[in-house]
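Let's take a walk through this structure together. Keep the sequence and the 3D view at hand as you read.

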Amino acid sequence: MPKRKLDPLPSAAFQILLSLAEEDLHGYGIMRQVAEQTGGRMRLGPGTLYSSIQSLLEENFIEELESREDAELGRERRRYYRLTSAGRKLARVEADRLAGFLRVARTRKILRGDYV
Amino acid sequence: MSEKIYSLLLRLFPCHFRKEYGEESLQLFRDRARHEKGFAPRLRLWLDLLSDLACSVPCQYFRAEPELVAVSGELSGATPSFYFMGDESPRPGALLLGALLSLTALATFSTLLSQGGVHKPRNASVRQLRQSAAPPAHPRDVAGDKNSLAAGVNETRASSSFDQDDSGNSTPAAPNEVSTAAAVPIAHGNVDAAERQRVLNAAIANLKQHYIYPDVAQKMAEALLANEKRGEYDAFADGDTFAYQLTKQMRDVSHDMHLELVYSQDALPPQPTKEQTPEELARYREAMKRINCAFEKVEILGHNVGYLKLNFFPDRSVCEQTATAAMASLNHADALIVDLRDNRGGMPNMVALMASYLFDHPEYFYNPRENTTQASWTHSPVPGNNLAGKPLYVLTSSRTLSGAEQFCYNLKMLKRATLVGETTGGAAHSGVWYRIDDHLGMGIPETKPINPYATPDWAGTGVEPDVKVKAADALPTAVKLAQSKLQKK
């Protein structure tokens, strides 16, 4: 069996899941949301973005909605994506895993501050 | 513009990705391009895109196809079998390119295989080389044609002399003619002990001074001296036999067929000087003019077959115009017959000039007398020349010698011509000529030219024709061959 593409979850896929947590978005919307939530550090290119979307769709972590226009961006029809409950659960598990790392980092005095 | 570039770059992705997300990717690009204007944002956009391509293109190719996953389950323990993974038929362009590449590969292989016969590895034919190095049965064969040797060598040394016929009469009025004619033939070939001694010493000195491999020269000298000490030469009062014995012994040691000692009953011309005097040149020009530079016949035969009879290869610097005019008048022939049956050789520069008309690209023309140089290549293509691809027949006889054999040998090796007639005379004369006295001289190779063909050159053996007929029948045979070839077209 080939290696599962989302195990471990790549950070691009995780960011996509996070970006869809509050609203359904199209590809460009996801890209902008990810850039915003990472402070501009992660700008997904089309190859990475759609590869990740493809993998997430295959595993049913997100679903594709009917194409529609985005009034802001003109009259082109766009594919929208929505987080599934499985995707939400996966994002939560990943967030917990990262939070666990942060706790360790804090106990080892590598990370200071008390939020997260 | 930039969208076009990106759409081209998108073609790097595998087909299944492009089909599914190609349009989306372009849309994303358009959106970003619309919002990220100005130099810096645009630069950042392209950097993003390029790094994205570098990461995601390989990933896409390594993605496991869903079909493959399904198949891999079925494969365990089953007999080997093929599965067709593609979900669409290839583009017509790809099919065409594939067909073209297959044909090219096929053609290349078959060409290489058919060439294999001629281009054997050099080591493969050592036995053949040894055989040909064995001295011929009779001294005359060893010497080949003494006059043409002397003359042939002069070509290298002095660029002044031309091959002469067996009787010693000069065919064209070559500059050395006067001295040759003036010489008085001596009584049949006797050499006394004093002369033998003198010749032996001179031969040894020449070998040591001029032969390309000094160590081999030393060995040859030792062998000759040892033989002399044993009194082996005392019995050879006849010049021919003496020269033959010395040649044989030099070759036994060196295995070099180009090394020879030659006895001439007629007095040999004086050692040629490097430069021609103006008088010699003027005399030569005059002689060439009288005989049309040895271009005896230039005709168009039936079925538009061109016919050229060339009786020796004159100096290019004097006869280039004549040669050019002759070739121009044959330019529209559909096939060409070059008659070298009476051609005794001549200047390598004219051999190269004539050969230039026969190819559409420069070809290496092996010449046993010279190192590989710029002049070893034909000057093809000749502007305006139509003869490069035309069927070519070269007529040969046992009187075809030296430079004419060079012409035949190279055309045969390059598979450019069909040789019709008799085996040629076998006069390679690659040595530089050293005159010892009035009747004895020797050819010593001073250079090691590269013969690109595994088979030995024509020295002593001649060039075998492709179609063996009597010299007298060569022309009608070649005409028939040419006409039937043209009719088949």
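Predicted model: local features only at pLDDT ≥ 70, side-chain atom pairs only at ≥ 80, totals over all residues.

Residues are numbered from 1 along each chain as its sequence is written, and chains are lettered from A and ligands numbered from 1 in the order in which they are written.

Let's begin with chain A. It has four helices and five strands; here helices (H or I, at least four residues) and strands (E, at least two) are DSSP runs, numbered from the N terminus. Read from the N terminus, the order of elements in chain A is α-β-α-α-β-β-β-β-α. Being in contact means that the C-beta atoms of two residues, placed from the backbone, lie within 7 Å.

Chain A also holds an open sheet of three strands, ordered β1-β5-β2, with antiparallel pairing. Strands pair if DSSP finds at least two bridges between them. At the edges sit β1 (25-26) and β2 (62-64) of chain A, each pairing on one side only. β1(A) is joined to β5(A), residues 80-83, by two bridges in the antiparallel sense, and there Leu25(A) stands opposite Tyr81(A).

Now, how do the two chains meet? On the chain A side 17 residues are in contact with 20 residues of chain B. The elements of chain A that give two or more residues to this side are α2 (27-37) and α3, and α3(A) gives the most, with seven residues. By class, this side of chain A has seven nonpolar, six polar and four charged residues. For these classes, Ala, Val, Leu, Ile, Met, Phe, Trp, Tyr, Cys and Pro count as nonpolar, Asp, Glu, Lys and Arg as charged, and the others, Gly among them, as polar.

Zoom in on α3(A), residues 46-58. This helix packs against α2(B), residues 15-35, at an angle of about 135 degrees, with the axes 10 Å apart. Axes are lines fitted to C-alpha atoms, for helices over the stretch in contact, and angles run from 0 to 180 degrees between N-to-C directions. The pair α3(A) and α2(B) is therefore oblique: angles under 35 degrees count as roughly parallel, over 145 as roughly antiparallel, 65 to 115 as roughly perpendicular and the rest as oblique. From α3(A) come Pro46(A), Leu49(A), Tyr50(A) and Gln54(A), which meet α2(B) residues including Tyr21(B), Leu28(B) and Phe29(B). In this contact of α3(A) with α2(B) there are six nonpolar, two polar and two charged residues.

Over in chain B, there is an open sheet of six strands in the order β2-β3-β4-β5-β6-β9, with mixed pairing. Its edge strands are β2 (295-301) and β9 (467-468) of chain B. Helix α17(B), residues 474-488, packs on the sheet, and its direction makes about 165 degrees with that of β4(B). Within the sheet, β4(B) (335-339) and β5(B) (392-396) run parallel and are joined by four bridges, with Val338(B) opposite Val394(B). β2(B) and β3(B), in turn, run antiparallel with six bridges. They form a hairpin with three residues between them, and His303(B) in the turn has a positive phi of about 60 degrees.

One last stop is Val420(B), in strand β6 of chain B. Is Val420(B) buried or exposed? Val420(B) has 28 C-beta neighbours inside 10 Å, so Val420(B) counts as buried. Leaving out residues up to four places away in sequence, Val420(B) touches, among others, Tyr393(B), Leu395(B), Val467(B) and Leu481(B). Tyr393(B) lies 27 residues away along the chain, yet the C-alpha atoms of Val420(B) and Tyr393(B) are separated by 6.8 Å.

Note on methods. Buried ≥ 20, exposed ≤ 12 C-beta atoms within 10 Å, placed from the backbone.
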